[in-house]
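Colleague: Could you take me through this model, giving the general idea of each feature and then the case at hand?

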Amino acid sequence: MGRKFSEKFAQWEQEARLRETVVVDHGNAPIIEQNQRQYLNVSSGNYLGMARHSQVIDTVQKALRQYGLSSGGSPLVCGYSTEQEIFARRLAEFLGTESALVVAAGYLAGLAVVPALMSEGDTIYSDSLNHASLIDACRLSKAHVAIYSHGDVDSLEESLRRDTSGHRMIVTDGVFSMDGDVALLPRLMQLAEEYDAWLLADDSHALGVLGEKGGGSVEHFDLHSSRLIFASSLSKGLGIHGGVIAASNEVIQYLKNTARSWIFASALPAAWCAGGTTSLDILENSWAKRQQLWRHSLRFRTRLQQMGYRTIPTTVPEIPIIPWIIGSENDTLRVAEHLKQRSIWSLAIRPPTVPINSSRIRFALSAEHSDQQIDYVLDMIGRANFSAPTD
Ligand SMILES: Cc1ncc(COP(=O)(O)O)c(C=O)c1O
């Protein structure tokens, strides 16, 4: 066994794919620290700064004093608190669905839905660039998984037309986490209606970010259907922790009886639920913050393209995830190191997280960044004049 490990480590090292933990502090802030050095952080999912919002922190502190740390048990035992019930109702209202279920992590949301609703004899249609949590959720169900090319709705329709047996479910990220482009949700919704399928959309990177009130893709595209099941992490736009599934009363009631990642995990603690409710109240009225974030994203994306670097086209350029495609693992690591030497903390993403030859620096911007900070990063990229391949 030891030899297997050392061979793998050597192989990953040689391919520049070895992953190691990086110890940092303030990973959710515009300024991150490592070994007492400060860096400008352009890699965090704290898109709207809610993870450090004083009002949210006050709520959590107060609730911690009142309720303590852990929830005490799984939701069907003794962990489902009043704060969780309030938070779930508020999430459903915010997302415009009948009901919602709070899970202990965003990773567990897809895992709650897919194996509960889909089983042997059913077919899941899954976008090829879906997040790992959705891929794992599909694997856990015993349904047949038909992977369609990223965003290729025509080929998806063709498959839906051909397959007629069992239940069907289309599974997609709303915003793709490594590419920052968006799923054509209105069209997918239409297909779900027409071909009698569920549509599960993971909107982790749009919740709080898109829509006038921050309702995410659902608000942005104005989607309403009893076939739509919405899943999201709560640790990004909301700045809390945990995950949510929002759907019809019937679906949520069914999940409460069948969703193993909800039934068999300790419930999200009351203090975090209380903080989540406060975060939603603030987010709903954070129009100026959202505008600031959208401005940053539009400007950053445009400038990167103007410099001749390769990004990924998106129909919603307000999305704060901006990949700069470089290609090889080694080149990408070199660019990340170059930026780090200029006090910029950016993330080199390599296979297997992304396809081979598409290693990238994945920028994630925040409304907390100032114009000057965004300018500094662009300036440092521009000055270096990397010979990265363009389209
Ligand atoms: C699209 C998507 N879904 C789910 C998750 C998992 O969420 P969490 O970190 O809350 O477990 C992530 C996290 O990065 C994500 O990007």
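**Domains, a helix and a residue**

Modeller: The domain assignment, whose bounds come from an automatic or database assignment, gives domain 1 (17-48 + 287-384) and domain 2 (54-284). The model is predicted, with local features needing pLDDT of at least 70 and side-chain atom pairs counting only at pLDDT 80 or more, while totals for chains, interfaces and linings use all residues. Residues are numbered from 1 along each chain as its sequence is written.

Colleague: How many residues does each domain bring to the contact?

Modeller: Two residues are in contact if their C-beta atoms, placed from the backbone, lie within 7 Å. Here the contact takes 22 residues from domain 1 and 18 residues from domain 2, and the C-alpha centres of domain 1 and domain 2 lie 26 Å apart.

Colleague: Is helix H12 mostly covered or uncovered?

Modeller: Helices are DSSP runs of H or I with at least four residues, strands are runs of E with at least two, and both are numbered from the N terminus. A residue is buried if 20 or more other C-beta atoms lie within 10 Å of its own, C-beta atoms being placed from the backbone. H12 is mostly covered, with 12 of its 15 residues buried, among them Trp272 and Leu283; the buried residues of H12 pack against helix H2 (54-67), helix H4 (82-95) and strand S3 (99-103).

Colleague: Why does Leu95 count as buried?

Modeller: Leu95, which is placed in helix H4, is buried because 22 other C-beta atoms lie within 10 Å. Leaving aside neighbours within four places in sequence, Leu95 is in contact with residues including Phe230 and Ala246.
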